[in-house]
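Biologist: I would like a close look at a single part of this model. Please pick the helix that matters to the pocket lining and walk me through its surroundings.

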Amino acid sequence: MGSGLISIAMTGINAAQAGLLTTSNNISNLSTEGYTRQRTIQASNPTVMTGAGGIGQGVHVVTVQRMFSQALTTQVLNAQTNVSALDTYYAQVSQIDNMLADKEAGLTPLMQQFFDAAQSVAANPSSISARQSMVSAADTMTTGFRSIYERLTEINDGVNSQIRSTVGQINTYTEQIADLNERIISAAALGGQPANDLYDKRDKLVADLNELVKVTVTSNDNGSYNVFVGSGQQLVVGSQVTKMSAEPASADISRTVVGLLGPTGNVQELPESLINGGKLGGLLSFRREALDTSFNQLGLMATAFSQTFNAQHAQGQDLLGNVNGNANFVSQFFSVGAPEVIASTNNATGSPTVSVTLDPVSNNGTNYYSNLTASDYQLSFQSGTLTLTRLSDNASWSGANVAAINTQLAADPQGFSLNPAAGFSNGDSYLIQPTRDAARAFTLNEKVAADPRLIAAGLPVALGTAGSSNTGTGRVSSVSYASPYTVGSTGLTLTYNSGTNELSGFPATGTVAVNVGGTTTTYAMPAPVPYTAGATLTINGGGWSGVSLVLSGAPANGDTFSLARGNGPEDGRNIVKLGNLQTQDTMLGGKATYQDNYASFVNDVGNKTASAEISSVAQTSLLNQAVAAREAVSGVNSDEEAAKLIEYQQAYQASAKVLQVASTLFDTLLSIGR
């Protein structure tokens with residue numbers, strides 16, 4: 001009897017001691033990050049059957065169990081990876097937002113200062129100081145564009161560096177997880193019990209990994225984990241690791257992309273859309289959604305500004321009397337970086353070099369405008385078909401060759417055309433970036449910078465006027481110019497003959513082209529030209545070329561209409577037209593002003609910044625709730641553990657009391673025998 005009591009008492013003491021040790025361990029790890037609360041799982045020992053029934057044989061500790069909930073842990077992981085991605089996105093995009101929205105350092109005040117300076121020239125075209133101020137404002141504005149481009153480049157370099165660093169951290173974590181998988185399998189095989197501390201360490205590594213990139217985890221029967229990224233790409237399977245790699249993209253070697261290393265060292269690039277969550281997902285999303293767009297929008301602003309300003313400037317006359325066609329005339333007031341075409345490194349050997357040319361700006365009769373967009377494009381060749389895809393919305397144009405695509409672009413202008421190229425191989429691909437790097441080389445013409453007299457503030461032809469003694473209602477509706485144009489050294493006086501309904505007085509040589517309703521008839525000089533109200537008359541001869549005028553109304557016999565050279569130093573009509581570009585729809589196919597487009601650009605970045613901040617706050621709240629729910633199950637509560645200590649202490653003391661009683665009884669039995 002005594003020995004039975006002793007045996008049972010010892011099982012109770014051992015069980016209580018295990019409980020005390022486990023509880024003490026919980027208390028010791030109260031502040032240990034990643035620690036999961038443990039508890040002992042007890043079970044009664046097999047009973048001994050007697051004639052009086054089954055007699056219990058005490059208790060034993062089955063295992064020490066982690067208070068772990070996979071469902072709650074998954075909720076925490078999902079919330080944490082989203083918070084990490086949003087925080088990373090916000091930290092990056094807020095840099096661009098702060099830079100663009102700065103009322104003093106942004107582009108808005110610089111463009112305004114430039115147009116204010118242009119207005120000063122319009123008020124006093126002969127003022128050298130006013131012209132110099134305009135040159136200075138132009139130089140300051142272009143410097144501002146280039147400064148923002150340089151800052152975006154710094155951010156882009158930082159993103160590439162962070163991607164490489166993050167990929168290195170991911171590889172470190174996956175190797176450690178695989179190592180713990182192997183140790184957990186070995187520990188289970190040797191002792192038959194779960195290695196709780198190793199489980200905690202592995203779960204902490206998974207949580208840390210999940211902050212870098214969103215992963216999916218599955219458990220194997222042997223206790224090991226499989227870790228996947230994206231749509232199921234393997235990172236860890238048991239003790240086997242597939243390393244990530246940060247490499248130059250095949251489509252653009254200046255861009256760092258993420259891939260997986262194959263067994264032979266080959267790299268499989270992962271589409272950015274597969275990399276979600278965590279710091280890495282946040283970096284890739286920021287680059288794709290905000291940084292690339294910022295480069296393109298800045299370049300679009302610089303290119304459209306340069307194109308439209310140059311087109312109008314080319315119509316003018318400078319202070320020295322130079323007009324378009326003269327050797328000293330400056331038609332290109334601004335210049336920008338050329339479009340980029342990047343051939344994929346996977347293209348076949350001998351594939352052609354592709355290049356693009358920006359289209360001349362269009363004129364809707366009121367102002368010049370550019371058809372460029374802020375999108376990149378991809379040109380690819382597959383199964384005998386060449387396809388140009390606009391990457392912003394996947395709109396595409398396809399044909400058998402470059403000429404076929406250019407024909408479509410003429411009907412649906414994108415602001416550029418493809419230069420002739422042939423000999424494509426199946427799978428060839430080219431990334432076309434019409435505006436991305438334009439702002440990098442946005443500069444003022446060096447000749448204008450050195451001599452502000454070369455600003456073409458005037459117009460080479462005075463607005464045609466009707467004779468003061470005219471008796472009819474005829475008038476000169478407009479005078480326009482097609483670059484390059486020339487203006488004769490003397491003016492022209494056209495006289496109307498009502499008997500023949502003809503105009504005379506054109507240059508003695510050359511031609512006059514008359515366009516009526518889209519139909520053009522060319523007359524060789526010195527023949528008279530029939531009069532049609534509203535017709536466009538284009539003069540080419542006698543020192544005149546590319547100059548057109550429109551007459552309207554009903555002139556009387558002998559009425560005259562004159563064209564003369566510009567008004568010299570006091571002529572500011574072209575600078576007025578240049579100043580008007582500020583409020584005209586010069587961008588996006590004639591649908592937006594410079595300021596409208598820039599404001600939309602700044603607003604888009606601001607919305608992305610605000611959205612990331614708001615979403616981060618919301619996700620952080622969800623994370624806190626998920627953590628609280630998990631901690632209620634897995635976390636160590638000091639009050640609860642203190643109560644457990646008392647409980648196990650009392651159990652220990654009670655079992656010790658049983659042991660004391662058994663010892664006394666055993667001594668009594670021994671004394672009877674003596």
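Modeller: Take H6, which gives the most to the lining of the largest pocket, with six residues. Bear in mind that this is a predicted model. The pocket holds about 920 Å³ of space. Its lining counts 31 residues, and Arg255, Asp292, Asp376, Leu391 and Leu431 lie nearest the centre. Strand S21 (429-433), like H6, supplies at least two residues of that lining. By class, the lining has 11 nonpolar, 12 polar and eight charged residues.

Now the helix packing. H6 spans residues 278-313 and packs with helix H10, residues 594-634, at an angle of about 175°, the axes lying 11 Å apart. An angle over 145 degrees counts as roughly antiparallel, so H6 is roughly antiparallel to H10. On the H6 side, the contact includes Glu289, Thr293, Gln297, Met301, Phe305 and Phe309. Among their partners in H10 are Tyr594, Tyr598, Phe601, Asp604 and Lys608. This contact has 11 nonpolar, five polar and three charged residues.

One more residue of H6 is Serine 285. Serine 285 is buried because its relative accessible area, 16%, is under the 20% cut-off. Leaving aside residues up to four places away in sequence, Serine 285 touches Tyr89 and Ala290. Ala290 is also one of the H6 residues that meet H10.

Of its 35 lining residues, Thr73, Val76, Asp203, Ala207 and Arg630 are the closest to the centre. H10 is one of the elements giving two or more residues to that lining. The largest share, eight residues, comes from H5.

Notes
Residues numbered from 1 in each chain as written. Predicted model: local features only at pLDDT ≥ 70, side-chain atom pairs only at ≥ 80, totals over all residues. Heavy atoms only, no water. Axes fitted to C-alpha atoms, helices over the stretch in contact; angles between N-to-C directions. Helix = DSSP H or I, 4+ residues; strand = E, 2+ residues; numbered from the N terminus. Parallel < 35°, antiparallel > 145°, perpendicular 65-115°, else oblique. Contact = heavy atoms within 4.5 Å. Nonpolar A, V, L, I, M, F, W, Y, C, P; charged D, E, K, R; others polar. Buried < 20%, exposed > 50% of the residue type's maximum accessible area, 1.4 Å probe, protein only. 1 Å grid on protein atoms, 1.4 Å probe; cavity = no way out; pocket = protein on both sides within 12 Å on 5 of 7 lines; lining within 4 Å. Points joined across faces, edges and corners; volume = space filled by probe spheres on them.
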